[in-house]
Amino acid sequence: MNINMILNGESVSGLGETFSVLNPANEQIIAEIPSTTVEQVNQTIAAAEEAFKTWKNVDDDTINSAFSKIANDIRLAKDEIAQLITLEQGKPLGLAQFEVEGGANWIEYIASLEVPVETIQDPGGKIIKVYNRPLGVVASITPWNWPFLIAIWHLFPALKTKNTVVNKPSEYTPLSTIKLVEIINRHLPKGVCSIVLGKGAVGQTLSEHTDVAKVTFTGSTRTGQSILSHSVNTLKSVVLELGGNDVGIVLDDVDVEEVAPKIFGSAFLNMGQTCAALKRLYVHENVYDALTQKLTEIADSQAVGNGTDVTTTFGPVQNKMQYNKVKAMIDDAVQNGGKIITQAKQLPEKGYFIAPTLVTNLKEGISLVDDEQFGPALPIIKFRDIQDVIKKANNTSFGLGGSVWSKDIEKAQEIANQLETGTVWINSHSDLSPAAEFGGWKLSGLGYSFGLSGLLLYTHKQAVHITQ
Ligand code: NDP
């Protein structure tokens, strides 16, 4: 496999400084990649602009047939791609395979959507047709937690709506995205989908470029705000999918045995490095002891290790910065009275391993409760009064997701209606659907993804007024 950028359909070596990609399970270098230079970013955008002149007129059947071939090629390369994801990202191989398969399914769902044309009968007699037209060149900046799947979430809605795209993957996890863009380039014309690589000026040059019509970004609120502030001069459209501090509220009528594995799975999905993972858990006092005990058993039974080992169920944190951040939050929680109720495990010496950690005896005002940990540590807080919990759930600058766990769906729905988040789950958390809009309120995002409305955010409206 070439570890090059892809410019105008060609695999091209970057001409900038080299950066290293590390395996987070052992800190060994797995690739040395030359960065794309600013000049090369500009060339890539120019090629995407040129390709847009033709791609904007492509017919829907051609797009859908290409998407189907891409999904098939992804499935054929599933093992190879999953290996790359585990190597660069750390997650266990089974989860990486889920990421690849889920990505192929997602592409097929996007292919099945139809971009509508609305016909309006104006009261004055004329007919108005409202089209959803492509924007031009879209810049996509993708993170290191689900590098393959999130690239699919960015690229395919943009391509489906006849835009051209330039992706910049996280410098921590570029390998599986390069493979994805290689596969895409087998089936789409040159210049329609490109990838640039590196750090420093690459992302910023891409997002600030005057010929980029839209930026789609998944990552931290800070970087999202910076991208938004730079969009002002050209009035670029921006979609931001940022962090969260998702609450889970467990009522006292749950079947503990049934919900505990689901709660554990959604809090520690991808070692907790998921924007819409459950990040603070409020449990009713009547089921608190039983649930914490069950969650502890599940956490302690995890096999923490290198994701390529088939016995591993829990991999490392993806990078050192994140490892240090999560460790510091756990230490701070303990210093502030928090009690770790999970066992300390013998962990590999090398690699960014943190065993799944449950912390009790905490309250609001402590970083592990108030801030996004984005890693394998979950605060569990006992409650008695539901109105008080709803208030606490909403008392945050984030608004990505939340969940309510109860057998009483009507009661759960009533609570769900009061949560100030873009998504609320009842009896699950973090399982996303390509058919439903997903976006953050408050500092968790701007705009949304998925569903028909998410797709149409890659278009602008054109109203054609027809007078006979
Ligand atoms: P960031 O979210 O800060 O994003 C880094 C990426 O953004 C890099 O690819 C970088 O490219 C690019 N970038 C930085 N500045 C700009 C800019 N002005 N314009 C365009 N692109 C830019 O990621 P970090 O890895 O630093 O993670 C920080 C925190 O973000 C984590 O601790 C975690 O809490 C959260 N996070 C959230 C995710 C989510 O899914 N919501 C995913 C990953 C992290 P370049 O190197 O070229 O500057």
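Y131 stands opposite Q462 in β22. This is a predicted model, in which local features need pLDDT of at least 70 and side-chain atom pairs count only at pLDDT 80 or more, while totals for chains, interfaces and linings use all residues. Residues are numbered from 1 along each chain as its sequence is written, and side-chain values use heavy atoms, with hydrogens and water left out.

Strand β6 (residues 127–134) is joined to β22 by 8 bridges, and the two run antiparallel. Strands here are DSSP runs of E with at least two residues, helices are runs of H or I with at least four residues, and both are numbered from the N terminus. Two strands count as paired if DSSP finds at least two bridges between them. β6 also pairs with β5 in the antiparallel sense, over 4 bridges. In that pairing, Q121 stands opposite I127 in β6. The hairpin of β5 and β6 has 5 residues between the strands, and G125 takes a positive phi near 115° there.

Together, 3 strands form an open antiparallel sheet in the order β5-β6-β22. Its edge strands are β5 (118–121) and β22 (459–466), each pairing on one side only. Neighbouring strands of this sheet are turned by 25° against each other on average, direction ignored. Such angles are taken between N-to-C directions and run from 0 to 180 degrees; axes are lines fitted to C-alpha atoms, for helices over the stretch in contact.

A second open sheet has 7 strands in the order β14-β15-β16-β13-β12-β18-β19, with mixed pairing. Here the edge strands are β14 (339–340) and β19 (423–426), and each pairs on one side only. Strands of a sheet pair through backbone hydrogen bonds, either parallel or antiparallel. Strand β12 (residues 247–250) and strand β13 (residues 280–284) pair in the parallel sense over 4 bridges. The bridge partner of V247 in β13 is R280.

Helix α10 lies across β12, β13, β15 (357–360) and β16 (377–383), running at about 135° to β13. Contact means heavy atoms within 4.5 Å. Helix α10 (residues 285–300) also packs with helix α9 (residues 256–267), at an angle of about 50° and with the axes 9 Å apart. That angle makes α9 oblique to α10. Angles under 35 degrees count as roughly parallel, over 145 as roughly antiparallel, 65 to 115 as roughly perpendicular, and the rest as oblique. On the α9 side the contact is made by V256, E257, V259, A260, P261, I263 and F264, and on the α10 side by V287, A290, L291, K294, L295, I298 and A299. These contact residues divide into 12 nonpolar, no polar and 2 charged. Ala, Val, Leu, Ile, Met, Phe, Trp, Tyr, Cys and Pro count as nonpolar, Asp, Glu, Lys and Arg as charged, and the others, Gly among them, as polar.

The axes of helix α2 (residues 60–76) and helix α5 (residues 147–160) come within 11 Å and cross at roughly 165°. α2 and α5 are therefore roughly antiparallel to each other. Their contact is made by I63, N64, F67, I70 and I74 of α2 with F148, I152, F156, L159 and K160 of α5. It divides into 8 nonpolar residues, 1 polar and 1 charged.
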